[in-house]
Each structure stands twice: as structure tokens, then as C-alpha cells.
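Visitor: I would like to learn how to read this structure feature by feature. Could you take me through it?

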Amino acid sequence: MNRTPIFNFSAGPAVLPREVLQQAAAEMLDWHGSGMSVMEMSHRGPEFISIYKQAVADFRELLNVPANYRILFLQGGGLGENSIVPLNLAGRRAQPATIDFVHTGSWSGKSIKEAARYANVNVAASAKDIGFTAVPPQEIWKLTPDAAYLHICTNETIDGVEYNFVPEVSADVPIVADMSSHILSRAVDVSKYGVIFAGAQKNIGPAGLTLVIVREDLLEHALPICPGAFNWKTVDEHESMFNTPPTYAIYIAGLVFDWLKRQGGVAAMEQRNIEKARLLYEALDADDFYQNRVAKENRSRMNVPFYLRDESLNEKFLAGAKARGLLQLKGHKSVGGMRASIYNAMPVEGVRALVDYLNEFAGR
Ligand SMILES: *Cc1c(COP(=O)(O)O)cnc(C)c1O
């Protein structure tokens, strides 16, 4: 099973490590002599339980998740989790609770809309009036002292805006972070957060799996209307098998975790990601042929949106990229332009190939 070398810059579902796809292909019909594909296994059988336990242990090790945090494998994606979070945490306060948000782009905007169904929403700060080109500094945030929690999106996938700090909040207001598009790309001090969640299809594996890291004491506050399959306490008590989990997606995520460990873990990935981002932004900044509008200190290492100065060349740019095997560079429809997503599985050679093309297309 070969495929011509291409570099896939999709924002998600996104590129996976080639070795992982090859291993999955080799194990497709018969996993480790079991006579079964992972897709055909009972989620309660010893084979799948071993896959699940290894995946959880490797994820815990990779992100240094402290012992008082649980790791849950859910479904519903990142957007689903935007409802699941308030359903699990709004009960920390008398109803209706207030939830604080920082509006830094498309995804935190969607989170606000979802949460408004279950609680009062306070937008503590918004970057809307600056076109989502920076994270508002914490000095200007207007936080609610007794908020049920503070929600932030630490990497805005569409706008290309990434936090470069962890907010300081009162001990009784947990921070909930949507890390869908940069989880495992950099070291994170998990203990600073109450909840971290991520849809798998950006930096972990196939769509259909959502990872949730939740501090133990936050398992106890679900609203009565919270569905059982989305109730973190229930899911935790059943080791993510209250109902059938997305078994094949968990298996692939496990292969990715194993691959990450062999690459040297998150610290090694972070160094590689810094270098990849540096190369790409340097090419975009070389002159005004291309433009990235995000404040330098908030430029995402994972999602790099950019515009051609002459947007009438967009189609020509994309066609030329495709001819060179540089795929899925078209920007999100809501913002236009281009976007290169350079997740963990994008090798530095892919970024170099893109940089060469950027320079050639600009006539440098
Ligand atoms: C992709 C993404 C989501 C939504 O994920 P779905 O699985 O499509 O629901 C949420 N938040 C962020 C930051 C994302 O990048």
C-alpha cells in the first residue's frame, strides 16, 4: 500500500504519521494473532481492554497528567464537548450559573453559543474588534468572581491564534481549555487547568474521539439533564465504557501516542514544531507578497493562516501547490485566504517544500 509522497496541510481531519498508517494497515485483518480486526473486537474483551489501557497510560505519560486527573474518551467532538462541559460544570453554582469566556476566534465563539443554552455567559474579553488577531491581555479581562468556570480556546484553529500564557484565576474558578488543535504539540502544566479537552482529528488520530482530562473534584457537578453517556462521573466510573467507545479511533490514537514516545515525546515535538513554525512565518514575512495578520506573540505553531496580497492569484496558487503535492492549503471558508496546518505529524520536509513553493510563487 503505497502512496506518492505528498504533504497534507489539512486543518482536520489531518495528516497522520505514515508509520502509524502502515502499522494499522498491517494489523487491519488480524490484530496480534487474535484473528480479528480491532474494529471487530468487543470493547469488553481482553484484547481491546489492553489497547485501551495502554493508550490511556501513554497519553498520561506524554502530557504528564497528574494522578488526581482522570482521562476520559468520549464522542461528540470538540463542538459536542462545548455542551458537555457546561452540562457537567454549571452545577458548581446556584442556577443559573455564570460562565466566563474569552472570545479569541471562531471556536471560542461557538463555545459561547453552546454554553448560553445552559448558563449565563459572560464574555470577559473579546478580540472581535481587532479581527481576532491577538489574545486580549489578561489585565483587561472582566472575570466573574464566582463563575462556574472560565473557558478558553488555547489555539484558535481557524484564526491561527495561540495563547502564550496560562491565565491566573482564583482557586475556586477552574480553567477549561479547548486544546483540540494543539494538544501534544507543546508541554502543558495540566495542574493549572480544571479540564482540558480535544477532538482527536487534529493532532491525535481519527475523527470520532474526544479526549477529556478532568480534575477529580470536578466530576461531581453535572446538571440533572446531562445525558449519561456525557456525564463525566458516569463515564469515569465505567472507564470510558459506559457505552461503546469509538474503539478503532482509540486504537489509532494509541498508535500515535506510541509513535510520539518514539520521537522523544512532547518536548521533542515542541522543538520540532518551533522550528517548523519559524521556517514558515519567516517565508511569509519576507516581503508583503504574503500576509499573516496575527500578533507575533500569538501566532499559532500549528495553524498558519495567510493571505496573498493579490487575492486574484488564489486559484493559481492552490493549483500550483497541488501539482507539487502540497494539499489542502485553502483557508477556512469563513475567513478565506490560505491556511497551512503543521501538526505533529507534518515533517519538517513538508514545511520546507511549502517554503520553497512560497518563495518560487512570489518570484523570489
Ligand atoms: C476542530 C475544532 C473543534 C470542533 O471539533 P468537532 O470535532 O468538529 O466538533 C473545536 N475546537 C477547536 C479548537 C477545533 O480546532
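Visitor: How many disulfides does the structure hold?
Guide: This is a predicted model, and it holds zero disulfides. A disulfide calls for a pair of cysteine sulfur atoms within 2.5 Å.

Visitor: Are C153 and C226 buried or exposed?
Guide: C153 counts as buried because its relative accessibility is 2%, where buried means under 20%. C226 is buried as well, with a relative accessible area of 8%.

Visitor: Let's turn to the sheet. How should I think about strand pairing in general?
Guide: The strands of a sheet pair through backbone hydrogen bonds, and the pairing may be parallel or antiparallel. In this model, three strands form an open sheet in the order β11-β12-β14, and the pairing is antiparallel.

Visitor: Which strands are at the edges?
Guide: The edge strands are β11 (290-291) and β14 (338-341), each of which pairs on one side only.

Visitor: Is β12 mostly covered or mostly open?
Guide: β12 is mostly covered, with six of its six residues buried. Both of its faces are covered: N303, P305 and Y307 are buried on one side, and V304, F306 and L308 on the other.

Visitor: Now a helix, please. How far does α3 reach from its first C-alpha to its last?
Guide: Helix α3 spans residues 77-89, and its 13 residues reach 18 Å, close to the 18 Å expected at 1.5 Å a residue.

Visitor: Where does α3 have a kink?
Guide: The kink is at S83, with an angle of about 25°, shortly before the proline P86.

Visitor: How many residues of α3 are buried?
Guide: Eleven of its 13 residues are buried, so the helix is mostly covered. Among the buried residues are S83 and P86, along with G77, E81 and L89.

Visitor: Salt bridges next. What is the general idea?
Guide: Side chains of opposite charge can pair when their charged atoms come close. In this model the count comes to 21 salt bridges.

Visitor: Which residue forms a salt bridge with R92?
Guide: R92 pairs with D172, and their closest N and O atoms are 3.0 Å apart. R92 sits in the loop between α3 and β3 (98-103), while D172 sits in the loop between β7 (161-162) and β8 (175-178), so the pair ties together parts that are 80 residues apart in sequence. R92 counts as buried because its relative accessibility is 17%, whereas D172, at 39%, counts as partly exposed.

Visitor: What about D217 and R215?
Guide: Their side chains meet in a salt bridge of 2.7 Å, N to O. D217 is partly exposed at 40% relative accessibility, while R215 is buried, with a relative accessible area of 19%.

Visitor: How should I read a salt bridge inside a helix?
Guide: An α-helix has 3.6 residues a turn, so residues three or four places apart point the same way. Take E282 and R278, which both lie in helix α7 (residues 265-285), four residues apart, or about one turn. Their side chains meet in a salt bridge, 3.0 Å from N to O. E282 is partly exposed at 49%, and R278 is partly exposed at 41% relative accessibility.

Visitor: Which residues are linked in a network of salt bridges?
Guide: D58, E61 and K261 are linked in such a network.

Visitor: Finally, what does UniProt list for R44?
Guide: An unreviewed UniProt entry lists R44 for "binding site". R44 is found in the loop between α1 (18-26) and α2 (46-63), and it counts as exposed because its relative accessibility is 53%.

Visitor: Where does UniProt place the feature "domain: Aminotransferase class V"?
Guide: The unreviewed entry places that domain at residues 6-354. In the model, the end C-alpha atoms of residues 6-354 lie 11 Å apart, and the span is 32% helix and 17% strand.

Notes: Residues are numbered from 1 along each chain as its sequence is written. This is a predicted model: local features need pLDDT of at least 70, side-chain atom pairs count only at pLDDT 80 or more; totals for chains, interfaces and linings use all residues. Side-chain values use heavy atoms; hydrogens and water are left out. UniProt positions are given in the numbering used here, feature names are shortened, and annotations may be inferred rather than shown by experiment. Helices (H or I, at least four residues) and strands (E, at least two) are DSSP runs, numbered from the N terminus. The expected span of a helix is 1.5 Å times one less than its number of residues. The bend at a residue is the angle between axes fitted to the seven residues ending there and the seven starting there. Buried means under 20% relative accessible area, exposed over 50%, partly exposed in between (1.4 Å probe, protein chains only). Two strands pair if DSSP finds at least two bridges between them. A salt bridge is a side-chain nitrogen of Lys or Arg within 4 Å of a carboxyl oxygen of Asp or Glu.
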